[in-house]
Amino acid sequence: MKKTFLLKTMLLLCALVTWGNVWAEDYSLTPNQSSTGSSATSYITTLTEFTHNGIKWKMNQWNPKSLQVKTNQASPSSEFRFYNTSAFPGKITKVVIKFSALTLSSTSNTGFMFVGGTSEVSSTTGGTAGTWNSTNKTITWEPNESDNFTYFAFYQNGKVATGTNNLASSDAIVVTYSTAAPTKVATPTISGDENFLTSTDVTIACGTDGAAIQYSTDDGANWNNYSAPFALTETTTVKAKATKSGLTDSDEASKTFTKVVPMTVSEAITAINALASNGTIANQYVRGVVSTAGSISSGAVTYFISDDGATTNQLQVYLGKNTDGADFTNETNLELGDEVIVFGTLKNYKGTTPEFDSGSQVVSRTTKTAPTFSLDKSEATLDAYTHETVDVALTTNTDGDITCESSNPDVATVALKSAGVYTITAQTEGSATITIMSATSATYKPAIATVSVTVADARADAGISFAENEVELTWGDAFAGQALTNANSVDVTYSSTDEDVATVTSTGVVTVKKTGSTTIKATFTGNATYKAAVASYTLTINKAVAGLSYAQTAFDVMLNDNTFEAPALINPNGLTVTYSSNNEAVALVGDTTGEIVLETGSEGTVKITASFVGNDNFKSGSAYYTVTVIDPTVKGCKYNPYTVAEVNTGDYSGVNYVKGYIVGFFSGKDSNASLSGNSNLALSDSPEEISGTKTIALQLPSGSLRDTWNIDDNNVIGMEILVKGNITGYFTGKTGVKSPAEITAVSVPVSISAAGWATYCSEYALDFTGVTELTAYTATKVGDVVKFNKVTGKVPANTGLLVSGTTANVPVAASADAVTNILEGVTAETVKTAETVFVLKQGANGLGFYKNTNDFTVRANSAYLPATAVADARAFIALDDEATGISNLTSALSKGEGVVYDLSGRRVVTPTKGLYIVNGKKVFVK
């Protein structure tokens, strides 16, 4: 319910009271909403300020629920204030509040309190009680005559009611106040539209009854007696004054009324375009012609206006309203061609759309006559191949400019042939709408007439196409173009829209020039049999990656070791790179050569980066490696690690390097625990030592390190490792290594069977230089002989080997060059089908490689000879002289060409199969 505040004058008394010559006034304030119940409310809406007889008064609410009386209300909840805000003197003499029905307790009288003062009352304490009249249901408060109260506040305080009552709409609050008689005529008030388009009526009033009013429209040069409103048609300043016998003349009032000249649409758009995005200009008038009419939505219409009614250079009127802000009610309230003046706020909507913001209104509207406007044809069908034409005649009486256009000039065009006659010409197959239109004129609305045109082509399709609409490549990819499907063998012309990216020959062969995008087209111009056609595809060439890398990205170098050389940069595209060092205190690098010089006496880590800035065909890219220079004299560094025995002394702590052999695992945190489990490695200085007093525990935290070095999954027993971790008290009373940061293999155990031979394969590169306990061999095929070749240096990881001697640890190498070898190694159990491999074993022909006759499981970390590498029908391959000192005994030896002994030293005349001694060497008889 809309809350209003009804104010009416109950009584105007002319009387003399004790305060001299005064005017006594009663104001009755009527509640406008009421209800019942313990939580009911009654409202008197805030009235900010009002004037009566030249005296300004103000009434407002203190509490939103306004005046109400509730059962057992213990604290103030209902208040309002009334006070004089005028410069004239005045004071409150009486207040009466009347209820329809209210029963109060015997002590309730103190519950209604009034506070008065000579300034705005803000306190609700220290007041006096009103007088309750139970018969009239009224509360009356009359200040002492000596109280010059121009303000008062009323409030409810305490338990005042045995029942609930609110002020009803029939009730009232009557305030009586008195003021001294005025001595000066009130200043006149001048009313009217300050801004007007054609004219405005001016009204002048004076608050002093019986005063005579005069006005001037020429800055006081001439004064006229005012008796009735008068009209202004030009910008004018109106002045007014008032007189009354016995009173001082009023002050002079002045107000300027301005005749508005609306902007044109072009001027409005220029002003809007100068604004920032969503900037506005308020209170603007614009004159224009409705060029696009919209539909009604909730009483508002979005439409466009322009200076001439054309649909170019338009100003949008967004959700505009009708005259005086009223709703549009009918589509005819606004029509094309109407000349309108619109008032509202101009806005640069999102920086893209000039518009009147929502809420604008039509100030004036002039509707023009619709002209006669018709064509003698409304549709036409034309032939494309012959470019058939047709003329249409226009009948009209408009004096506006006439234009013509085609919705699709590729299908049909239109041009003026002669006065009132237009020629339509077919171009290609399809549909188009031909529009003849007239602009708004001084007399007529705009008009429009159309012809629907269908252009037919009876010729067959040319039938040319490419398989792909888009081809995306990377620079360097081979591409010579797509093949054109051309079933009818029509003549086509090839073209590229950007020949800087790619060119195309007359036969469709594409040559890529650089990265970018182009469209390759095959164009057929058409003939009497086939329609014109274009087949095309978009060719995009993306930049390639630089492809820079290093095979190894981290190097450790001992202090003052000048033998280190920079690794070779892998630069497959031959790009120009520059090199940089991020720590020149450790190493310098040639910016174009990449040569590195380690500074003498400098420890630390340096990062060497090779950078390519990018070009038309390759993206920018970089590659880097790090070099860490380590002082080998520092105990606990990578090149001078602690031994297990040194750690066991308990004299060392902190993060350091430790080297030892893996001899088992500790299952718990007990130095005497069994060497089993998977969370704590047992390290020793000897691969055979497993005593708890000569081992230390190495923690294996869950994660990648435990996965790699877990005895349950990997054969790591006997491996020599280098560990970087925290030397600290780990097991009870025992030092160990916790939280390892890295674990690297130093050497791996190579086991030899009791027969003195085995095959082997490691996941690490190995270095056999200086290894004396065992000998390793690779294998090659020389003619019909499988030859075993002694390894004297390094072999890459996963190399299959034949080994002899005794079990020993072989050092791990950082890397190794590839070797020629037909032995193939495996690091995990691998099943081979029958007749596919030769495996080392003791068989009927003695020790050698036998072809598997059934499916065979090759054990982990061993090797075999593929049958395909041997490539003959043999089932057995013996070990040759160079590798073993064992050779095949020929039939000549059985004929006395040499002395043959068995292994017990007895001479044998006719040897059978087996091992023998001939001329001091072991031989084998097949």
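**Briefing: a buried serine, a sheet and ring pairs**

S216 is buried, with a relative accessible area of 0% (buried means under 20%, exposed over 50%, partly exposed in between, using a 1.4 Å probe and protein chains only). The model is predicted, so local features need pLDDT of at least 70, side-chain atom pairs count only at pLDDT 80 or more, and totals for chains, interfaces and linings use all residues. Residues are numbered from 1 along each chain as its sequence is written, and side-chain values use heavy atoms, with hydrogens and water left out.

**Around S216**

- S216 belongs to strand 16, which covers residues 212-216. Strands (E, at least two residues) and helices (H or I, at least four) are DSSP runs, numbered from the N terminus.
- The S216 side chain reaches the backbone nitrogen of G220 at 2.8 Å.
- Not counting residues up to four places away in sequence, S216 touches A221, N222, W223, T237, V238 and K239. Contact here means heavy atoms within 4.5 Å.

- An open sheet is formed by five strands in the order 63-68-65-66-69, with antiparallel pairing. Two strands pair if DSSP finds at least two bridges between them.
- Strand 63 (824-826) and strand 69 (876-877) are the edge strands, and each pairs on one side only.
- Strand 65 (residues 837-843) and strand 66 (residues 846-851) run antiparallel and are joined by six bridges.
- L840 stands opposite F849 in strand 66.

**Aromatic pairs**

- The whole structure holds 12 aromatic pairs. Rings of Phe, Tyr and Trp (its six-membered ring) pair if their centres lie within 6.5 Å; planes under 30 degrees apart count as stacked, over 60 as edge-to-face and the rest as tilted.
- The pair of Y642 and Y652 is tilted, because the ring centres are 4.4 Å apart and the planes lie at 35°.
- This pair links distant parts of the chain, 10 residues apart. Y642 is in the loop between strand 50 (621-630) and helix 2 (644-648), while Y652 is in the loop between helix 2 and strand 51 (654-666).
- Y642 is buried, with a relative accessible area of 7%. Y652 is partly exposed, at 29%.
- Ring pairs also link Y550, F555, F564 and Y625 into a cluster.

**Charges over rings**

- K241 lies over the face of W223, 4.2 Å from the ring centre. A charge sits over a ring if NZ of Lys or CZ of Arg is within 6 Å of the ring centre and within 35 degrees of the ring normal.
- W223 is also one of the residues that S216 touches.
- The charged end of K607 sits over the ring of Y624, at 4.2 Å from its centre.

Notes:
A polar contact is a pair of N or O atoms within 3.5 Å; within protein, one must be able to donate a hydrogen and the other to accept it, and residues adjacent in sequence count only if both atoms are side-chain atoms.
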